[in-house]
Amino acid sequence: MIKKFTVSNFKSFKDPITLDFSKVKDYDFNKELIKNGLINKLLIYGDNSSGKSNLGFALMDITFHLSNNMVMNVENYNYYLNLDSVKANASFEYVFLFDNEEIIYRYEKNSERKLIKEEIIKNNKTLFYYDYLANQCENEIEDFKNLNFTLRSENISALKFAMSNTFNISDDNPIKLIYNFVNGMLWFRSLRVNEFISNNFNNEQIDTFIISNNLEKDFEEFLNKAGINEEITSFSGSDGRKILGIKKKNFAVPFFQIASTGTISLTLFYYWLKAGFNRISFLFIDEFDAFYHTNLATSLVDMINKYSSFQSVLTTHDNSLLAANFVRPDAVMILRNNELKTLSESTNKILREGHNYRKLMEAGEFDEKDIVRS
């Protein structure tokens with residue numbers, strides 16, 4: 001799991017911003033949102049242009065150099081460095097928790113694919129360090145002692161090179177632990193295009209996935225539960241390829257040609273629910289509820305929360321979800337002025353299970369103010 005993440009000089013984040021999953025309080029409700037003493041299901045609220053999307057891109061930046069066959073839209077990483085900064089590099093630090101042991105991974109880049117430095121730290125000891133400008137390596141990891149890192153191709157991470165050129169890597173190898181976690185990370189947003197960042201999945205057509213897995217009726221039931229009462233079918237198109245359709249009397253029409261933006265957004269969620277939730281380590285959904293009405297968004301979050309096997313972050317600019325009964329004050333963060341604070345950090349009020357956090361927010365309870373800590 002990710003315990004803490006810090007980034008600076010990346011896109012809108014000129015100064016360091018930290019996402020800390022260890023800010024857990026002793027609330028006696030909604031305990032399923034916490035795992036191994038860390039926030040496992042996090043909701044981030046922020047106004048438009050507060051940096052929610054950039055935070056997701058920053059978290060997923062690690063996949064550029066530590067994953068295989070990554071699918072992503074590189075345009076999301078244009079203007080990589082902060083435009084107001086004079087610093088030459090962006091800095092990233094991930095604090096991972098594996099079997100109650102902390103492993104820190106730090107690196108610097110000057111573009112999405114250009115590493116400057118990499119470092120692995122465990123128990124306050126540097127186990128691996130690579131300076132790309134000086135082509136200098138310090139390696140205390142036994143599995144990689146016989147590697148010749150000068151054979152590494154340009155722009156290939158030294159850590160990825162080590163993983164790709166070593167057999168019989170021990171299960172507790174810190175680089176292997178990080179590498180496996182990163183290759184299970186998934187980012188997507190519920191827009192009309194199926195845009196995602198992941199190593200685990202190919203850029204397949206959603207209708208092909210549903211049809212090839214005989215999920216038409218399952219998908220229909222999913223939509224019906226969401227209040228979309230359509231009969232789903234599949235039929236052969238003009239090119240002979242089977243396509244997803246909506247049945248109308250004695251004929252069918254192509255699903256994606258007549259479905260609304262909200263229905264397509266829901267279809268994307270269904271696809272990832274079925275294709276990915278059982279094989280990922282970390283999930284980030286950007287502007288999660290942009291096209292869902294409140295009741296539907298609430299039920300979908302509740303669905304995600306039932307998957308304890310992966311850590312998740314959902315972002316929203318709508319405070320409606322704060323009225324849901326699954327909300328927990330230390331599992332909701334507000335992104336404001338380049339800083340992330342939990343609800344419990346943003347008020348002097350003692351927050352309880354019965355509080356409606358949406359009403360408290362609308363009353364200004366979580367606005368910036370002097371907070372007195374006991």
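User: Which residues does Leu 296 touch, not counting residues up to four places away in sequence?
Analyst: Leu 296 touches Ala 226 and Leu 266, where contact means heavy atoms within 4.5 Å. This is a predicted model, in which local features need pLDDT of at least 70, side-chain atom pairs count only at pLDDT 80 or more, and totals for chains, interfaces and linings use all residues. Residues are numbered from 1 along each chain as its sequence is written, and side-chain values use heavy atoms, with hydrogens and water left out.

User: Is Leu 296 buried or exposed?
Analyst: Leu 296 counts as buried because its relative accessibility is 10%. Buried means under 20% relative accessible area, exposed over 50%, and partly exposed in between, with a 1.4 Å probe and protein chains only.

User: Where is Leu 296 placed?
Analyst: Leu 296 is in helix H9. Helices (H or I, at least four residues) and strands (E, at least two) are DSSP runs, numbered from the N terminus.

User: What does the sheet of order S12-S11-S16-S17-S5-S18-S19 look like?
Analyst: This sheet is open, has 7 strands and shows mixed pairing; two strands pair if DSSP finds at least two bridges between them. Strand S12 (196-198) and strand S19 (339-342) are at the edges and have a single partner strand each, so one side of each lacks a neighbour in the sheet. From one strand to the next, the twist averages 15 degrees.

User: How do S18 and S19 pair?
Analyst: Strand S18 (residues 332-336) pairs with S19 in the antiparallel sense, over 4 bridges. Arg 336 has Glu 339 in S19 as its bridge partner.

User: Which strands does H9 touch?
Analyst: Helix H9 (residues 294-305) packs on the sheet and touches strand S5 (41-45), strand S16 (282-286) and strand S17 (311-316). The direction of H9 makes about 165 degrees with that of S17. Axes are lines fitted to C-alpha atoms, for helices over the stretch in contact, and angles run from 0 to 180 degrees between N-to-C directions.

User: Now the helix pair: at what angle do H6 and H8 cross?
Analyst: The axes of helix H6 (residues 216-225) and helix H8 (residues 261-275) cross at roughly 125 degrees and come within 11 Å. H6 and H8 are therefore oblique to each other: angles under 35 degrees count as roughly parallel, over 145 as roughly antiparallel, 65 to 115 as roughly perpendicular and the rest as oblique.

User: Which residues of H6 and H8 meet?
Analyst: From H6, Asp 218, Phe 219, Phe 222 and Leu 223 meet Leu 266, Thr 267, Phe 269, Tyr 270, Leu 273 and Lys 274 in H8.

User: Changing topic, how is the sheet of order S2-S1-S6-S7-S8-S9-S10 paired?
Analyst: The 7 strands of this open sheet have antiparallel pairing. Its edge strands, strand S2 (17-20) and strand S10 (136-139), each pair on one side only.

User: How many bridges join S7 to S8?
Analyst: Strand S7 (residues 101-111) and strand S8 (residues 114-122) run antiparallel and are joined by 8 bridges. The partner of Tyr 107 in S8 is Glu 118. H1 packs on the sheet, where H1 touches strand S1 (2-8), S2 and strand S6 (90-98).

User: Why is H1 largely enclosed by the rest of the structure?
Analyst: Helix H1 (residues 52-60) is largely enclosed because 8 of its 9 residues are buried. Among them are Lys 52, Asn 54 and Phe 57.

User: Last one: what is Asp 207 in contact with, leaving aside neighbours within four places in sequence?
Analyst: Asp 207 is in contact with Arg 241, Ile 243, Leu 244 and Phe 256. This residue is found in helix H5 (residues 206-212), and Asp 207 counts as buried at 6% relative accessibility.
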